[in-house]
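Subject: The structure you asked about

Hi,

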Amino acid sequence: MNLSRVGITLKKDIQMKDLLDRDIRAYEENPYIHLLISMGRERDSVENGNDAYPTNDVWCFDRECIEDHGDYVEKLKRMADMVESAISVTEIQDYVDIEAGEAWIAFNANGTNYRHSLPVRDDWMSLEVLTIFSELLAASGSDKRFFFSDIGNELLVVLIEKDQFYPLNHLLNVFIPSSPA
């Protein structure tokens with residue numbers, strides 16, 4: 001079974017060989033986890049007009065990334081790119097005050113304005129954001145949902161159809177659904 005069977009594909013003109021950033025033995029020992037991490041990371045060098053992420057199905061980032069205003073905006077822009085086939089997300093805003101323990105996000109999704117308060121846990125991104133977007137996907141009629149795995153300080157996120165969760169988990173039993181929907 002390969003990752004495309006569970007709905008994880010690379011963008012056009014991206015070659016798998018361009019993503020391999022570890023010693024080949026790491027991929028041989030734990031092929032799926034290392035491959036997904038490589039697929040989900042932002043690339044430092046962007047060539048041939050391709051954007052920074054090789055796929056909109058996987059995202060891997062340091063979860064300790066929320067320190068000030070604009071940090072959630074950056075993360076929500078990435079999620080907006082991932083869900084753009086089902087949801088149009090615009091007018092993204094945030095407010096972050098770690099010391100006061102206050103954070104919120106606001107955005108427009110398919111013509112409706114949303115504002116959500118988020119829990120503050122130091123500089124860690126709230127996982128509620130994944131739940132919010134999975135629920136928006138469900139409300140839009142999409143079968144896709146966010147699933148995640150907390151791998152140390154990094155968060156590995158996949159966006160796949162909900163009926164592909166079990167086949168993916170058969171390959172790599174580390175993902176958790178972001179919502180029951």
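Let's start with a term: a disulfide is a pair of cysteine sulfur atoms within 2.5 Å. Searching the whole structure for these turns up zero disulfides.

Before going on, a word on the source. This is a predicted model, where local features need pLDDT of at least 70 and side-chain atom pairs count only at pLDDT 80 or more, while totals for chains, interfaces and linings use all residues. Residues are numbered from 1 along each chain as its sequence is written, and side-chain values use heavy atoms, with hydrogens and water left out.

Two strands pair if DSSP finds at least two bridges between them.

First, the open sheet. Three strands make it up, in the order β2-β3-β4, with antiparallel pairing. β2 (89-97) and β4 (112-117) are at the edges with a single partner strand each, so one side of each has no neighbour in the sheet. On average, neighbouring strands here are turned by 10 degrees against each other, direction ignored. (Axes are lines fitted to C-alpha atoms, for helices over the stretch in contact, and angles run from 0 to 180 degrees between N-to-C directions.) β3 (residues 102-109) and β4 are joined by six bridges in the antiparallel sense, and alanine 106 sits opposite arginine 115 in β4.

Which strands does helix α4 (residues 128-140) touch? It packs on the sheet and touches β2, β3 and β4, with its direction at about 20 degrees to that of β3. Helix α3 (residues 71-83) lies across β2 and β3, running at about 150 degrees to β2. Contact here means heavy atoms within 4.5 Å.

Now the inside. Buried means under 20% relative accessible area, exposed means over 50%, and partly exposed is in between (1.4 Å probe, protein chains only). A nonpolar core is a set of buried Ala, Val, Leu, Ile, Met, Phe, Trp, Tyr and Cys residues joined through side-chain atoms within 4.5 Å. In soluble globular proteins, nonpolar side chains tend to be buried together. The largest core in this model has 34 residues, and Tyr72, Phe107, Val129, Phe133 and Phe146 have the most contacts inside it. Helix α3 gives the most to this core, with seven residues. A second, separate core has 20 residues, including Met39, Cys60, Ile160 and Leu172.

Strand β6 (154-161) is worth a look too. Six of its eight residues are buried. β6 pairs antiparallel with β1 over five bridges and with β5 over eight bridges. In β6, leucine 156 is the bridge partner of cysteine 60, and leucine 155 is the bridge partner of aspartate 150. β5 and β6 form a hairpin with two residues between them, and glycine 152 in the turn has a positive phi of about 80 degrees.

Back to cysteine 60: buried or exposed? Cysteine 60 is buried, at 4% relative accessible area. Cysteine 65 also counts as buried, at 16% relative accessibility.

Glutamate 91 is not a glycine, yet has a positive phi of about 50 degrees. This residue lies in strand β2 and counts as exposed, at 54% relative accessibility.

Enjoy exploring!

Key
Helices (H or I, at least four residues) and strands (E, at least two) are DSSP runs, numbered from the N terminus.
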